[in-house]
Amino acid sequence: MALDAKSPSGPIENRWDRARFEMKLVNPANKRKHTIIVVGAGLAGASAAASLGELGYKVKSFCFQDSPRRAHSIAAQGGINAAKNYPNDGDSVFRLFYDTVKGGDFRARESNVYRLAQISVNIIDQCVAQGVPFAREYSGTLSNRSFGGAQVSRTFYARGQTGQQLLLGAYQALERQVEAGQVEMYPRTEMLDLVVIDGAARGIVTRDLVTGKIECHVADAVVLGTGGYGNVYYLSTNAKGSNCTAIWRAHKRGAYFANPCFTQIHPTCIPVSGDYQSKLTLMSESLRNDGRIWVPKTGGDKRRPDAIPENERDYYLERKYPSFGNLVPRDVASRNAKHVCDEGRGVGPGGLGVYLDFSDAIRRLGEDKIRERYGNLFEMYERITDDNPYKTPMRIYPAIHYTMGGLWVDYYLMSTIPGLFVAGEANFSDHGANRLGASALMQGLSDGYFVLPYTVGDYLAKAKPAPADVSHAAFREAEASVQSVTQRLMSIQGKRSVDSFHRELGKIVWDDCGMSRNAHGLEHAIGKIRELREEYWQNVRVLGAAGDLNQSLEKAGRVADFFELSELMCRDALERNESCGGHFREEYQTPDGEARRNDDEFSYAAAWQYQGGGAPHALHKESLEFEYVHPSQRSYK
Amino acid sequence: MKLILHIWRQKNAASAGRMVRYEAGDMNPDMSMLEALDVLNERLIEKGEEPVAFEHDCREGICGSCGFMINGVAHGPQRLTTTCQLTLRHFKDGDELYLEPWRAKAFPVLKDLMVDRGAFDRIIAAGGYISVSTGSAPDGNAIPVAKDNADRAMDAAACIGCGACVAACPNAAAALFTGAKITHLGLLPQGEPERHERALNMVAQWNIEGFGACTNLGECEAACPKGIRLEVIARMNHDYLAASCHRR
């Protein structure tokens, strides 16, 4: 199948307007005749479900959590970008577009990114109207701050809880539609398969997580807003329940998976403290505005940080990148932290940590000012580590935070399966090889509030889906396949828990397909993953019953999918013989150790097709054209 | 360190439950309470016993999934801390802890430490929003909001919907939860037009769900991991009363 992104032509600033005008509309009286399934209730899913419900479609909304208000969008701290230019500091739609394409290291689709920048301004208006309590100035106008090294102040925020407030806005809009009878809500319900009839997405198979009941749901279109796959690494900043099952099973039904190796490692997380560790906690990137990052100059220096004199410390980011210093982008900061730890200069237990030191800032500004800026983060750090960052430097280490890869979608957010739409982190579209801070919330809400309500309607108007019901053979086959996977997992009754496999898998992927990769390591990882996967299907132990609330069984299905996805990630990383954004191949670096892109050969999105039956995935390429932002080497020196 | 954990085990909503005693040795004081349960569960699985079911997701104190009673206190002894961020260093070696699910008629137990908090969603659905459809919003700066009001709205909006307030309340009232949303939206000019209807509808739903009435005991405020203050209940009562008079 040829990959057609369906990007509209013409001047970039008119493309979305033109596309919208050219879309077909569904008659208002006919909207209620269409059922749309939305899986996932985070920013993308909840905003899509609410907006589609408002338009008059019949919506069924699914989430695995006990309530749509729990989706992991809730944990985003920093903020949401929008090209409002309220501070009059030179921002514009074009600048946000430009920064995002460059920040993504020239591996995103220009048309999509431009649309995202255009829509960013509507998102803020919408959220304010919903009652999202953004930070305000004394004049009563909205406050902005600069974030993630941006040179303009375009980030809107609600204390350190921006994701929470935006999600609650979308959740409340969703609950309003539940009350209005437009949306039927299915919490604690997990999608386990996609049903395709005559080549189009026509429904899903789900498991009720309380009763274990497997059910089929028919629709005229299916939207997946099920988030990213960072939990493939076991330890990540994702919620424990975050998983790739919905997108992976859709992939196995024909949706191409794009750029799986593009993962983002966030530089400022609290380091691992022991082998019981269940997740990693992010400390907001804003800390790098005032904190200075350093390690001892010599390896094995076990002195307390305050006993190490100034001239025996290496402020390595300031030394290597004098113009950006501690504010270099996430990928660069993470890689350098790994580098100094690999040299044996890391600090803390296990030597996997670097100092983030506020003593200079406290001397310069006073403790009160620092408390005002970061008080809640310092408290959180102390709660977890029992160290007081006002007195002793924080210890931080990079952790997996976001996945830029995801299901391939065209400009209309439709996957390679007609009628299957993918939104937010679950798709691959807007961030290229590296996502900038405060862009994830923007993308989720853009897709859900302002793109899907148009494009899903266009699809329905053109495709005119014929009636279908659950007695169709495709539903029967999908349901039987879900039942059989469940039975298989329950019947192994081996010796090892699901978590023990997941932890081991995560370590393999982290070591060889994490912050830096090389061909040898990736091939090694593929071998290890296959071996471990084989053992998994022989030796995993899932207790309890399938027809009951069974958290081990839930995890077992998700980990089975992580096994398959992780292998594809390594394949993709192996195929991409260049370094770009979060994907750093050691063989492809500049003499001073920076990422070296290869635009001649790799200026494309890699879209992988599942072939089934043990056959290797087939690679399709969407070539990326840059008409407006010309690819250049990123430099932060 | 070693802890003696007495945990409520209940197979499903229909079965009776009971406390079961577990000895949890070799625990690390830096672990969170949930990580301690993870370790206990791994050991149970090894022995062929079903692991303890408990609700959790983000494990950073914001999603509101987690929470149970620890020695009779919702989310345990550490103030302003959810169960997922409560570390074992707040306990002593050899301590005996009693872990039980939230107890409230409106929160039926599903299994072990998990309860059904769907009633909270239905209270929000009854009116916990501003009725603005996508696309109909004016410019974000068109309506100024006094910083003070925006800040106080944010204080109330910090609620994570965990249910500790209900669990801590001897009446199992949903006053702090409902009041927080009424306060958040009512303090903003955008929320003003629906202020009266919102208070009436949300409180009506709270009664339908079987939560008890508020008698201003203040246990909810003490248990709230996000520091939501009792004044939100006063605002709710004010709006409810004003709305009731207005309606007559």
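## A chat about a predicted two-chain model

Biologist: Which strands form the open sheet in chain B, and in what order?

Modeller: The order is β2-β1-β5-β3-β4 of chain B, an open sheet of five strands with mixed pairing. Strands (E, at least two residues) and helices (H or I, at least four) are DSSP runs, numbered from the N terminus. Two strands pair if DSSP finds at least two bridges between them.

Biologist: Which strands stand at the edges?

Modeller: β2 (18-24) and β4 (73-74) of chain B do, and each has a single partner strand, so one side of each is left without a neighbour in the sheet.

Biologist: How do β1 and β5 of chain B pair?

Modeller: Strand β1 (residues 3-9) and strand β5 (residues 96-100) of chain B run in the parallel sense and share four bridges. Opposite B:I7 stands B:L99 in β5(B).

Biologist: What should I know about the source of the model and its numbering?

Modeller: This is a predicted model, in which local features need pLDDT of at least 70 and side-chain atom pairs count only at pLDDT 80 or more, while totals for chains, interfaces and linings use all residues. Residues are numbered from 1 along each chain as its sequence is written, and chains are lettered from A and ligands numbered from 1 in the order in which they are written.

Biologist: What domains does chain B have?

Modeller: The assignment gives domain 1 (3-110) and domain 2 (117-247) of chain B; domain bounds come from an automatic or database domain assignment. The centres of these two domains, taken over C-alpha atoms, are separated by 29 Å. Between them, 17 residues of domain 1 of chain B are in contact with 17 residues of domain 2 of chain B. Here, contact requires that the C-beta atoms of two residues, placed from the backbone, lie within 7 Å.

Biologist: How many residues of chain B are in contact with chain A?

Modeller: 62 residues of chain B are in contact with 62 residues of chain A. On the chain B side, α1(B) gives the largest share, six residues. That side divides into 29 nonpolar, 18 polar and 15 charged residues. Ala, Val, Leu, Ile, Met, Phe, Trp, Tyr, Cys and Pro count as nonpolar, Asp, Glu, Lys and Arg as charged, and the others, Gly among them, as polar.

Biologist: Turning to chain A, how many helices and strands does it have?

Modeller: Chain A has 17 helices and 19 strands. Its radius of gyration is 24 Å, close to the 26 Å that the globule rule gives for 637 residues, so chain A is as compact as a globular protein of that length. The radius is taken over C-alpha atoms, and the rule is 2.2 Å times the number of residues to the power 0.38.

Biologist: What share of chain A is buried?

Modeller: Buried residues make up 59% of the 637 residues in chain A. A residue is buried if 20 or more other C-beta atoms lie within 10 Å of its own, exposed if 12 or fewer, and partly exposed in between, with C-beta atoms placed from the backbone.

Biologist: Is A:E22 buried or exposed?

Modeller: A:E22 is exposed, with 9 other C-beta atoms within 10 Å. This residue lies in helix α1 (residues 15-22) of chain A. The C-alpha atoms of A:E22 and A:D458 are separated by 9.0 Å, although the two residues are 436 residues apart along the chain.

Biologist: How many residues of α9(A) are buried?

Modeller: 11 of the 13 residues of α9(A) are buried, so this helix is largely enclosed by the rest of the structure. Among the buried residues of α9(A) are A:R330, A:D331 and A:C341. The cover over them includes β11 (263-269) and α8 (316-320) of chain A. Just after α9(A), A:G344 takes a positive phi of about 85 degrees.

Biologist: And how many residues of α6(A) are buried?

Modeller: In α6(A), 17 of its 18 residues are buried, and the helix is mostly covered. A:G181 follows α6(A) and has a positive phi, near 80 degrees.

Biologist: Finally, how far apart do domain 1 and domain 3 of chain A lie?

Modeller: Their C-alpha centres lie 22 Å apart. The contact takes 43 residues from domain 1 of chain A and 46 residues from domain 3 of chain A. On the domain 1 side, β6(A) provides the largest share, six residues.
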